[in-house]
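Work through these exercises with the coordinates open. Try each task before reading its solution.

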Amino acid sequence: MNGRGARPAPAAPAIMDSVPHTPDQQTRNAVTRRIIARVTAGWPHLGEPLVRHRGQYCYVAALLPGHREPTPILRLRYQGSADDWVIGIYKASTSQYSENELPGAFGSATGTPEQGIDETFILYAGPRTGN
C-alpha cells in the first residue's frame, strides 16, 4: 500500500500464457500423419517423408531424386493448434530455416501443415504430380 491506502493494480495475465508452447503427443501424431499423407499423395516419387518433432517445431525432410540422404525442406512452428503453424523453408545456401523467405505469391507464412507442404515442396520437388 502507498501512503493513501491504494493497492497497486494486479498484473494482467500474459496472453501467451494460454498458448501451449509445444504440441501434445496426440497433435504431433496427427500432424505427422497429415504430412505423410500430403507428401505421398502429391509427390509419390519421393516416398514417405521424414517427420520429426522437437519442442515447438516440426521438421520435414524428403529423399529428393539424385540425393543419398533426406534433404531438409520445411519447418513448422506450433501456434497452439494443429491447424495453425508458422511456415519456414530450409535454405541450403545458409543451412538454416527461414520464416521470411517464401515467395510473396505463396501468401502468408502461416497456415496448416498441408499449406506448408504445398508452399515448400513445390520449390524443392516441383509441382504436385499426384492427387
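The exercises below go from the overall fold to single residues.

This is a predicted model: local features need pLDDT of at least 70, side-chain atom pairs count only at pLDDT 80 or more, and totals for chains, interfaces and linings use all residues. Residues are numbered from 1 along each chain as its sequence is written, and side-chain values use heavy atoms, leaving out hydrogens and water.

**Exercise 1. Overall layout**

Task: list the helices and strands in the chain, then give their pattern along the sequence.

Solution. 
- Step 1. Take helices (H or I, at least four residues) and strands (E, at least two) as DSSP runs, numbered from the N terminus.
- Step 2. The chain has two helices and six strands.
- Step 3. Along the sequence the pattern reads α-β-β-β-β-β-β-α.
- Step 4. Buried means under 20% relative accessible area, exposed over 50%, and partly exposed in between (1.4 Å probe, protein chains only). Of the 131 residues, 34% are buried.
- Step 5. A contact is a pair of heavy atoms within 4.5 Å. Take contacts between residues at least 6 apart in sequence: 48% of them join residues at least 24 apart.

**Exercise 2. Strand pairing**

Task: find how β1, β2, β3 and β4 pair.

Solution. 
- Step 1. Two strands pair if DSSP finds at least two bridges between them.
- Step 2. β1 (residues 50-54) and β2 (residues 57-62) run antiparallel, with five bridges. Arg-52 faces Tyr-59 across this pair.
- Step 3. Tyr-78 is opposite Trp-85.

**Exercise 3. The nonpolar core**

Task: which residues of the largest nonpolar core touch the most other members?

Solution. 
- Step 1. Define a nonpolar core as a set of buried Ala, Val, Leu, Ile, Met, Phe, Trp, Tyr and Cys residues joined through side-chain atoms within 4.5 Å.
- Step 2. The largest has 22 residues, and Ile-35, Cys-58, Ile-117 and Phe-121 touch the most other members.
- Step 3. Two or more residues come from each of α1 (25-42), β2, β3 (71-81), β4 and α2 (113-125).
- Step 4. Set aside residues up to four places away in sequence: Ile-35 then touches Pro-49, Val-51, Cys-58, Val-60, Leu-76, Pro-113 and Ile-117.
- Step 5. For context, nonpolar side chains tend to be buried together in soluble globular proteins.

**Exercise 4. Aromatic rings**

Task: how many aromatic pairs does the whole structure hold?

Solution. 
- Step 1. Rings of Phe, Tyr and Trp (its six-membered ring) pair if their centres lie within 6.5 Å; planes under 30 degrees apart count as stacked, over 60 as edge-to-face and the rest as tilted.
- Step 2. The search finds five pairs.
- Step 3. Tyr-57 and Tyr-59 have ring centres 6.0 Å apart and planes at 40 degrees, so this pair is tilted.
- Step 4. Ring pairs link Tyr-57, Tyr-59, Tyr-90 and Tyr-97 into a cluster.

**Exercise 5. Two neighbours in sequence**

Task: are Thr-71 and Pro-70 buried or partly exposed?

Solution. 
- Step 1. Thr-71 lies in β3. Thr-71 is buried, because its relative accessible area is 12%.
- Step 2. Beyond four places in sequence, Thr-71 contacts Val-60, Ala-61, Ala-62, Leu-64 and Tyr-124.
- Step 3. Pro-70 sits in the loop between β2 and β3. At 39% relative accessible area, Pro-70 is partly exposed.
- Step 4. Not counting residues up to four places away, Pro-70 touches Ala-61, Ala-62 and Leu-63.
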